[in-house]
Amino acid sequence: MNGYGIIRELAERSGGTWRPSSGAVYPALSLLEDEQLIRTAQDAGPKHFELTDAGRAEVDTLADRPAPWEDATEEAASRLGGNAELWKAFGDAAMAVRAVVQTGDDAAAAAATEELVTLRKRLYGLLADGPA
């Protein structure tokens, strides 16, 4: 996977709450390469990386720790209120909106807008109905 793919993957796994910049990812990749934890993948093209045996061993030692994207979702929930599942779902929806926008399809954008307006009304309806 290349740096851009890593950025996209982290954003997806965190529900959009964590999208590191290329200015953070590429220096981290260089450091991991210097530490011989990753190397340039031979079959995937330039600037695609893969774990080395030492990198896989390091991943194994960290297996009991929460994934960074889980911490990012938890942090967003504690900062913004609510629960992590709700914020992850919101982030996932935002990623879907972004995908629709990137298609450049005006009909899809109009349909997505209608869906979001309907969703907003339903969410306010939940508040109007009171606690479950």
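A residue counts as buried under 20% relative accessible area, as exposed over 50%, and as partly exposed in between (1.4 Å probe, protein chains only). By that scale aspartate 53 is exposed, with a relative accessible area of 61%.

This is a predicted model, in which local features need pLDDT of at least 70, side-chain atom pairs count only at pLDDT 80 or more, and totals for chains, interfaces and linings use all residues. Residues are numbered from 1 along each chain as its sequence is written, and side-chain values use heavy atoms, with hydrogens and water left out.

Stay with aspartate 53 for a moment. Its side chain meets that of arginine 56 in a salt bridge, 3.3 Å from N to O. A salt bridge is a side-chain nitrogen of Lys or Arg within 4 Å of a carboxyl oxygen of Asp or Glu. Side chains of opposite charge can pair when their charged atoms come close. Both residues lie in helix α3 (residues 53-61), 3 residues apart, about one turn of the helix. Helices (H or I, at least four residues) and strands (E, at least two) are DSSP runs, numbered from the N terminus. Arginine 56 is partly exposed, at 38% relative accessibility.

How many salt bridges does the structure hold? There are 3. Another one joins arginine 13 to glutamate 9, with the closest N and O atoms 2.7 Å apart. Both residues sit in helix α1 (residues 3-13), 4 residues apart, about one turn of the helix. An α-helix has 3.6 residues a turn, so residues three or four places apart point the same way. Arginine 13 is partly exposed, at 39% relative accessible area. Glutamate 9 is also partly exposed, at 27%.

Next come the strands. Glutamate 50 and arginine 39 form a salt bridge through their side chains (2.9 Å, N to O). Glutamate 50 lies in strand β2 (residues 49-51) and arginine 39 in strand β1 (residues 38-40), so this pair ties together parts that are 11 residues apart in sequence. Glutamate 50 is partly exposed at 31% relative accessibility. Arginine 39 is partly exposed too, with 37%.

Now look inside. The largest nonpolar core has 5 residues: Ile7, Val25, Leu29, Ile38 and Phe49. Such a core is a set of buried Ala, Val, Leu, Ile, Met, Phe, Trp, Tyr and Cys residues joined through side-chain atoms within 4.5 Å. What does phenylalanine 49 touch, leaving out residues up to four places away in sequence? Its contacts are Met1, Leu29, Glu33, Ile38, Arg39, Thr40 and Ala41. Contact means heavy atoms within 4.5 Å.

The expected span of a helix is 1.5 Å times one less than its number of residues. With 13 residues, α2 should span 18 Å, and its end C-alpha atoms are 18 Å apart, which agrees.

Most residues other than glycine have a negative phi. Glutamine 36 has a positive phi of about 60° although it is not a glycine. Glutamine 36 is exposed, with a relative accessible area of 58%. It touches Thr52 and Ala54, not counting residues up to four places away in sequence. Glutamine 36 and glycine 55 are 19 residues apart in sequence, yet 7.3 Å apart in space, C-alpha to C-alpha.

Val97, Val101, Leu116, Leu119, Leu123 and Leu126 make a nonpolar surface patch of about 520 Å². The elements giving two or more residues to the patch are α5 (84-103) and α6 (106-129). Of the elements, α6 gives the most, with 4 residues. Patches are made of residues with over 30% relative accessible area and no salt bridge; like charges are joined within 9 Å, nonpolar side chains (Val, Leu, Ile, Met, Phe, Trp, Tyr) within 5 Å. Accessible areas come from the Shrake-Rupley method with a 1.4 Å probe, and for residues only the protein chains shown count as cover. Leucine 123 lies in helix α6. It counts as partly exposed, at 44% relative accessibility.

Tryptophan 87 is found in helix α5. Tryptophan 87 is partly exposed, with a relative accessible area of 21%. Its C-alpha atom is separated by 17 Å from that of proline 66, 21 residues apart along the chain.
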